[in-house]
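Trainee: Could you walk me through how some helices sit together here?
Mentor: Gladly, let's have a look.

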Amino acid sequence: MSVDGLSTFTELGGETGAGNRTESRSGTGAGIDVAAAARELVAGLLAEPWGQVSASPYETGRVVSLAPWLAGHAERVEYLLATQRPDGGWSPSVDHALVPTLSAVEALLAELGRDTSSSRDLLAEAAGRGLEAVRKWPFQAAWLPDTPAIELIVASLLALIDDHLGGEGPEPPPGMGGAKLAAVRAWLMSGAEIPQKLVHALEVAGPEATAVSGILPTPMPGGMAAVGASPGASAAWLAAPPEPGPGTEARDARRAGDEAAVRRYLEAVVASSGGPMPCTLPITVFERGWTLSWLRRAGIPVDAPPELVASLRDGLGPDGIATGPGLPADADTTSVALYALALLGEPREPEGLWPFELETHFCTWRGEEGMSPTTNAHVLDAFGEYLRRCGGEPRHTSVVAKLAAWLRDRQEADGSWTDRWHVSPYYATACCAIALHEFGGGESAGAVGGAVEWVLGTQRGNGSWGLWEGTPEETAYALQTLLLTGVRRDGLWRETVERGYRHLLAARDGATPSLWVDKDLYLPVAIVRAAVLGALHLARRALSIPEDHSY
């Protein structure tokens, strides 16, 4: 599979045609050798070591605007035109459409300023429909999603659009004027230490602030370097003028070398994607930890090659591990890497998680604004599995109890959980309910039972589950909640599982919208594939269905 928004999406869900929200396709219903498919999936982790991530209208728009010289430019513009929704916006969800829509509109306006071909009318029409959609949306503080740097991204894009339109751009939503962005730019220009997470969205800084910020790309193998593991941030760094002031031969040589390394990184992304850009790449440890965890937790008999295991082990340290080069270490990636290693027979003391501990829970990264139930569920997995295999100390036991209590307190009244890193409650509920069942003790039985009842009560008529529509991904999470918690093994439970299994078997390769949250929504292809395979394996085992059976 490639990273791009076309071949990747059509194999396992995603945006195609003029709209981003897609319907699940029914497959042939043919049987699948889950173990063989899992082995193939794991082999693919080595074949594509940077990871398999869907394209982002937001990130693609930033590269169209900032790096029109980069190979694949025409394909990026074509991708933006092809993925615009009928209502003029971009994104599978109106709730998450503001950031990608503003980015796409600004990119198309920038392209209009460069394009003298017959496509100008097409570009202008698409940009106009996007602007009309933005002006019609009911901006309210509660309406806007909790995505990284949204208040900075929106303010920066609105300012750029306003410049293109001669001061006639859309009004900013409440609380998203330019005050915070101005403060961030002043901070960058002051020479003060820069929060590493901000570098992931460096494109908001503007060329002047970027030039004096002192930010340097993070070296990568192959003579490459990335800024914040982000194509958009890397393109913004390249677009900034050289650092002002009298230069030296050594400084100029370093700058030239860094520029060449960042160009090689962007060219490598294009080579794997065909043009459209993901928000974050590489995602090596992130992808490998999640994929191996879903497969092993489900009991699929798959072995991890030593190289995969080493990639999880070698990056771990006392400060945790990061998703990609130039990103800060985070508790989510660290905990899933630790949990995967434990399931692979290499449990380690979770020393890299201690820096993220707060009084009541764990932050995703230091300085995080907000909190994440799924991050804390994964931290509970890591500590709980370590205790189960190695015994541990009183402080490990205390953390497990604290996390379980905190997760129980975050449960919704209907029995579900929601989270900032995934738009679907089925993902959050699976993460929290399964962790509480395994490591939350008897005090968590009621919370786990409530989650199971919620899943049983929200199955769709065709056997699927989903927030906006039934999708293979969300159906897999719902089935795993039912199958890995050991709750409610009655007739209704079996009927629900069987209907879900039938649907997932038939629609396992069907389309699903991007549901994971970064600066834009995205689809981590291998991770979702692992969740689907895990659910199929668990359902067959629970229903005593032979591996070669098909409906």
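**Helices side by side**

Mentor: Keep in mind that this is a predicted model. To begin, helices α3 and α5 lie roughly parallel to each other, because angles under 35 degrees count as roughly parallel.

Trainee: At what angle do α3 and α5 pack?
Mentor: Helix α3 covers residues 57-66. Its axis and that of α5 are 8 Å apart, and the angle is about 25°.

Trainee: Is the crossing of α3 and α5 left-handed or right-handed?
Mentor: Look at the pair where Pro57, Tyr58 and Gly61, among others in α3, meet α5 residues including Val99 and Pro100. The contact residues divide into seven nonpolar, three polar and four charged. The crossing there is left-handed.

Trainee: How do α5 and α7 lie, roughly parallel or roughly antiparallel?
Mentor: Helix α5 spans residues 98-114 and helix α7 residues 150-164, and their axes come within 9 Å. They cross at roughly 30°. Since angles under 35 degrees count as roughly parallel, that makes α5 and α7 roughly parallel.

Trainee: How many residues of the contact of α5 with α7 are nonpolar?
Mentor: Leu98, Val99 and Leu102 are among the α5 residues that meet α7, where Ile150 and Ile153 are among the partners. Two of the contact residues are polar and one is charged. The nonpolar ones number 13.

Trainee: Why is α16 called largely enclosed by the rest of the structure?
Mentor: Helix α16 runs over residues 373-390. Buried means under 20% relative accessible area. The helix is largely enclosed because the buried residues among its 18 number 15.

Notes: Residues are numbered from 1 along each chain as its sequence is written. This is a predicted model: local features need pLDDT of at least 70, side-chain atom pairs count only at pLDDT 80 or more; totals for chains, interfaces and linings use all residues. Side-chain values use heavy atoms; hydrogens and water are left out. Helices (H or I, at least four residues) and strands (E, at least two) are DSSP runs, numbered from the N terminus. The expected span of a helix is 1.5 Å times one less than its number of residues. Buried means under 20% relative accessible area, exposed over 50%, partly exposed in between (1.4 Å probe, protein chains only). Axes are lines fitted to C-alpha atoms, for helices over the stretch in contact, and angles run from 0 to 180 degrees between N-to-C directions. Angles under 35 degrees count as roughly parallel, over 145 as roughly antiparallel, 65 to 115 as roughly perpendicular and the rest as oblique. Contact means heavy atoms within 4.5 Å. Ala, Val, Leu, Ile, Met, Phe, Trp, Tyr, Cys and Pro count as nonpolar, Asp, Glu, Lys and Arg as charged, and the others, Gly among them, as polar. A crossing is left-handed if the near helix is turned anticlockwise from the far one by less than a right angle, and right-handed if clockwise.
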